[in-house]
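This report describes a protein chain for a reader who is new to structural terms. Please look over the sequence and the model before reading on.

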Amino acid sequence: MNQPPSGAAGDRPARLTVGVVGAGRVGPALAAALALAGHRPVAASGVSDASRRRAEALLPGVPLVEPAEVLARADLVLLTVPDDALPGLTAGLAETGAVRPGQLLAHASGRYGTAVLGPATRAGALPLALHPVMTFTGTPVDVQRLAGCSFGVTAPEELRLAAEALVIEMGGEPEWVAEEARPLYHAALALGANHLVTLVAQAMELLRTAGVGAPDRMLGPLLGAALDNALRSGDAALTGPVARGDAGTVAAHITELRRHSPQAVAGYLAMARTTADRALAGGLLRPELAEDLLEVLSDGDTR
């Protein structure tokens, strides 16, 4: 196979044949981005009808084969299966002799570094962890969204330049994440992105209940400004009744949520407490106001 770059030659990887094991939302998009950089997708595997449709849309003409055959055809293999399936897949491929010495194996899991690829590494594979910090739709728009996208990169030191070069070729920005820091790194991303979706969806439901006809249009400018302010200023961007210590307003919120959306109360209380703690620590919330506020939040648990 073409050897991965190292040293001074590592500014641009050699052209590689690329395979995808797990044609979910992520793998085909990454392979399509690599194709734009001159690499050649040659095989993919996918079980569901949706996976097959995604592969056909993003990797037209690329045959769908069994995972072992993907490894047989490709220099660089993207293992883009769910996190919980990755250890078993890696072990199975190594045990069946599908892994070839010198073959680049890259997964896109945020949770794991390269240790999860241990069985394949012992069989001679070159392990990479390339996690795109982006949500994926499974459509061609994902390839465009990779431009400027950060990737959490973990790799052995001798493969670091190769890993970073591949990320840059996909249009991304490599960010080095130590092996032991991967779970914390992934938890931070889940807290920020996955929970944000839940909060926004819940807020839209409550606005509809309140009679707002276009909650998305109402929330868009507000949430856009809040996100921009938070990214620029952190806790200093906090506003609203909790940061101000308006205990009466918070109590009214809890009452209305209990009446119209009881399932939203626990999340509201948890986020309000966290917001109060951060506002108090940052000097935004006056201690004398925090006492009444925290009492209201404590009472909210017992009603």
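## The chain as a whole

Of the 303 residues in the protein chain, 42% are buried; buried means under 20% relative accessible area, exposed over 50%, and partly exposed in between, with a 1.4 Å probe and protein chains only. The model is predicted, so local features need pLDDT of at least 70 and side-chain atom pairs count only at pLDDT 80 or more, whereas totals for chains, interfaces and linings use all residues. Residues are numbered from 1 along each chain as its sequence is written, and side-chain values use heavy atoms, with hydrogens and water left out.

The secondary structure comprises 13 helices and 7 strands. Helices (H or I, at least four residues) and strands (E, at least two) are DSSP runs, numbered from the N terminus. Along the principal axes, the C-alpha atoms of the chain fill a box of roughly 70 × 40 × 35 Å. Among contacts with a separation of 6 or more, 61% are between residues 24 or more positions apart; a contact means heavy atoms within 4.5 Å.

Helix α2 covers residues 49–58, and its residues S51, R54, A55 and L58 are buried. Seen down the axis of α2, these buried residues fall within an arc of 100°, so they line one face of the helix. The arc is that of the directions from the helix axis to the C-beta atoms. An α-helix has 3.6 residues a turn, so residues three or four places apart point the same way. On the other side of α2, D49, R53 and E56 are exposed. The cover over the buried residues of α2 includes α1 (27–36) and α6 (141–145).

S51 counts as buried because its relative accessibility is 10%. Leaving aside residues up to four places away in sequence, S51 touches A23, G24 and G46.

## Helices α8 and α9

The axes of helix α8 (residues 182–209) and helix α9 (residues 215–233) come within 9 Å and cross at roughly 130°. Axes are lines fitted to C-alpha atoms, for helices over the stretch in contact, and angles run from 0 to 180 degrees between N-to-C directions. The two helices α8 and α9 are therefore oblique to each other; angles under 35 degrees count as roughly parallel, over 145 as roughly antiparallel, 65 to 115 as roughly perpendicular and the rest as oblique.

On the α8 side, V200, A203, M204, L207 and R208 meet P215, D216, M218, L219 and L223 of α9. By class, this contact of α8 with α9 has 8 nonpolar, no polar and 2 charged residues. Ala, Val, Leu, Ile, Met, Phe, Trp, Tyr, Cys and Pro count as nonpolar, Asp, Glu, Lys and Arg as charged, and the others, Gly among them, as polar. V200 counts as partly exposed because its relative accessibility is 23%. Apart from residues up to four places away in sequence, V200 touches L219 and L223.

## Helices α11 and α12

Helix α11 (residues 247–260) packs with helix α12 (residues 265–281) at an angle of about 160°, their axes being 9 Å apart. Helices α11 and α12 are therefore roughly antiparallel to each other. In α11, V250, H253, I254, L257 and R258 meet V265, Y268 and L269 in α12. By class, the contact of α11 with α12 has 6 nonpolar, 1 polar and 1 charged residues.
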